[in-house]
Amino acid sequence: MDLGLSADQRALVASVSSLLGTNSTTARVRQAEERGFDPDLWRRLTEFGAVAMGVPEAAGGGGATLVDLALVAEQAGRYLASAPLVEAVVAARLLARCGTARYALLDHALASTEPLVIALHRAVQSTFRLVPGGAVAGLVVGLDGADLIAVTDQAPGRARANIGSAALADRSAAPAAGSRTVLLAGPTAAVAYEGALAEWKALTAAALVGLAQGALDLAVEYAKTRHQFGVPIGSFQALSHRLADCATALEGARLLTREAAWSFGAEPDGSGEFGSPALASMAFVFAAETAQQITAASLHVHGGMGFAMETDVQLFFRRAQAWPQVYSGIRAEYQRLADLEFGPAGVR
Amino acid sequence: MDFRLGEKSDAFRAEVREFLARHLTGEMIEQAHITGTYHNQELHRALAESGYLAAGWPVEHGGQGRDPLEMVALAEEMTLAGAPTDGMTTTLMIATILRYCASQELREEVLPGVLKGEIVMCLGYSEPDSGSDVAAAKTRAVRDEAGWRVNGQKMWTSLAQVSDYVILLTRTNPGVPKHRGLTMFLVPLDSPGIEVKALETLGGQRTNMTFYTDVLVADRYRIGEVDGGWDVMQTALVHERSGKGRGLADRLLADALGWARTVDHADAAPIDDPVVRLELARVAVRNEVAKLLGYQAAWAAANEEMSGPIGSMGKLFASESYVRAAADLLDLLGSDGVLQHGDEDAPAGGWIEYAHRKAAVTTIYQGTSEIQRSIIAERGLGLPRSRGR
């Protein structure tokens, strides 16, 4: 057993945290809210290698483990990065799994200033609904019927107003000829796509852990400095005990998320190693619940000011809802988890 | 990172399973349930003979030198098998205090018998007026020419009815701040002047009130310095090596799954119901989190890492989750859920109903949830202290 981070992992966290601390301040996050995307931040993240590091070495990437990627995603969440980083990493890894013939497509996407993303919902009537980053992405990977496809050379979709100020848009799965590539067909397509969704759940859980940490830090700082009745409000147990519950759930969510990421094995070598989908699902529901619990508590600790748009906690509160729900409600995900854990209903 | 306990733990787990298959009988479990005494002398002696009683102790002290991750495997197997091991837990906790704090004379009198499984010991810290505020103990110990005279009352002296000794937190100096006027003793329970009175609990466990009237205790039974009782208590916390991983809530989930998969005459089973599936999945997630918090504490102990309030987090989360799980799962059972163990129609053998009653104490004993939250808020988050001194 080793629950600690290696020296390399600690260095990775420090450097990505430093990059985001400078280039994803809450002032920058607010500036990017209208588009849901910060192009300068995206450029810095891609130059840093935040996407390419997740691609296997054989495909020209950094060969990072899912634990490494989860550590980066956690920091992206901590600083509310205005960029579809998790969706890009998952899409890049999925493309790399589709064989050497797709490496050119992958290289092109990685070199582009427009992100590549994964569509979280299967296409219905040739439309991918609410694609994260869909309003800015140059390449979308998704499942259309029995085919895993990549869509390129298409104008980004119309941005949809949403609680998380994310660059959400619907994208067509049947664009003009020449810009739709079938990556995989038949059962292997669905297996690869489901595996990618499991990775997305684990990495999104990590981002939510970071987001929750940020919201908890705000609450603790406020509880120490805000005085009422002549004492810091953090000296009241009604408040400090609620924050202790938050800190406990957060520690648990972080452990569960790292366990899920660790289950994906050391090397994304394209061999169909998709870790434990059940652990990814567990991490997703628990991190989502925890992020929503903590952002609500943090908002409440801030009193009336927590309700003011000028206070940063609302940025966390809204994203804690949007980031998981753009894929699924929590209760619906529990039903999927039950299928994985207990077997499908009605099957004896 | 690596989330597996490791080969040493796996090998030890296999050994423990074999031991339990050989020595733990259904009758023992049933007997503990009926009597409310979660101690079985035959099992206790077998544990001692196998070396598991003090498995975490160094070999030179009569243990097996098991590391905290191996101890997690031991604790998990014992709990999942339903072994009545309260006597093992309290005896070892006290024996560890003796090992670090008692005189050589007292250690030689008691520890060999402990390691043979012949001596059982129980805790005498709490009193009617001091629970969480344990340093407010009023039981008096006054020096006289023969030793010490002890007068007072202890609460929750579980297993006193089968124990040979009680470790007693006493007040020896009322004239100084409360933490500075305490002295610890190991008191033979057959000393004249001790009365043990049973106290039945909601969870079916029998505990006790114990009364001490002019009990004469020789000075050789003193543990640590006079007025140094608080330091002795802290020693127990520092050297607490028993690991926690999967626990009572995992037994509960297994019981609930057994019920949920039972197919009725119309080929329907509760597990086909989305409401049932949601609750079972919720419990599975919280059990996984509780396990990981326990592993984190054990791993930190094994690697002498600074762990902050991780022990408090694990205890808080596991017990609060267990309470919630037992209530939610019992509710799923519908009207038959009211039936108790022993009734032929009780779902899951009545063990979910039982868990619901038993769970209530887990957020109270070994430091209430409120004490744990205060520790987390103060030591983990750096918030101001919110209790009196």
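This is a predicted model: local features need pLDDT of at least 70, side-chain atom pairs count only at pLDDT 80 or more; totals for chains, interfaces and linings use all residues.
Chain B is divided into three parts, with domain 1 covering 7-86 + 96-117, domain 2 covering 122-237 and domain 3 covering 248-380. Taken over C-alpha atoms, the centres of domain 1 of chain B and domain 2 of chain B are separated by 25 Å, and the contact between these two domains involves 17 residues of domain 1 and 17 residues of domain 2. On the side of domain 1 of chain B that touches domain 2 of chain B, at least two residues each come from α2 (26-35), α5 (86-101) and α6 (104-115) of chain B, and it is α5(B) that gives the most, with 6 residues. Sorted by class, this side of domain 1 of chain B holds 8 nonpolar, 7 polar and 2 charged residues.

Chain B brings 37 residues to it, while chain A brings 39 residues. Within chain B, α9 (274-302), α10 (310-332) and α12 (369-380) each supply at least two residues of the side that touches chain A, and α9(B) gives the most to this side, with 15 residues. The class count for the side of chain B that touches chain A is 25 nonpolar, 4 polar and 8 charged residues.

From the contact between chains we turn to the nonpolar interior. The largest nonpolar core has 237 residues, and those with the most contacts inside it are A92(A), A202(A), L203(A), L208(A), L243(A) and A283(A). Helix α7 of chain A, residues 187-225, gives the most to this core, with 23 residues. In soluble globular proteins, nonpolar side chains tend to be buried together. If residues up to four places away in sequence are not counted, A283(A) touches K201(A), A202(A), A205(A), L256(A), T257(A) and A260(A).

A contrasting case is L237(B), which has its place in helix α7 of chain B, residues 229-238. L237(B) counts as exposed because 9 other C-beta atoms lie within 10 Å, where the cut-off for an exposed residue is 12 or fewer. Although L237(B) and A301(B) are 64 residues apart along the chain, their C-alpha atoms are separated by 12 Å.

The parallel pairing of β1(A) with β3 of chain A, residues 139-144, rests on 3 bridges, and V117(A) has V140(A) in β3(A) as its bridge partner.

In chain B, strand β7 (residues 206-217) runs antiparallel to strand β3 (residues 147-154), to which 6 bridges join it; within this pairing, K154(B) has T210(B) in β7(B) as its bridge partner. Strand β6 of chain B, residues 194-200, also pairs with β7(B) in the antiparallel sense, over 7 bridges, and K197(B) stands opposite M209(B) in β7(B). The strands β6(B) and β7(B) form a hairpin with 5 residues between them, and G204(B) in the turn has a positive phi of about 85°.

Terms used:
Residues are numbered from 1 along each chain as its sequence is written. Chains are lettered from A and ligands numbered from 1 in the order in which they are written. Domain bounds come from an automatic or database domain assignment. Two residues are in contact if their C-beta atoms, placed from the backbone, lie within 7 Å. Helices (H or I, at least four residues) and strands (E, at least two) are DSSP runs, numbered from the N terminus. Ala, Val, Leu, Ile, Met, Phe, Trp, Tyr, Cys and Pro count as nonpolar, Asp, Glu, Lys and Arg as charged, and the others, Gly among them, as polar. A nonpolar core is a set of buried Ala, Val, Leu, Ile, Met, Phe, Trp, Tyr and Cys residues joined through C-beta atoms within 7 Å. A residue is buried if 20 or more other C-beta atoms lie within 10 Å of its own, exposed if 12 or fewer, and partly exposed in between; C-beta atoms are placed from the backbone. Two strands pair if DSSP finds at least two bridges between them.
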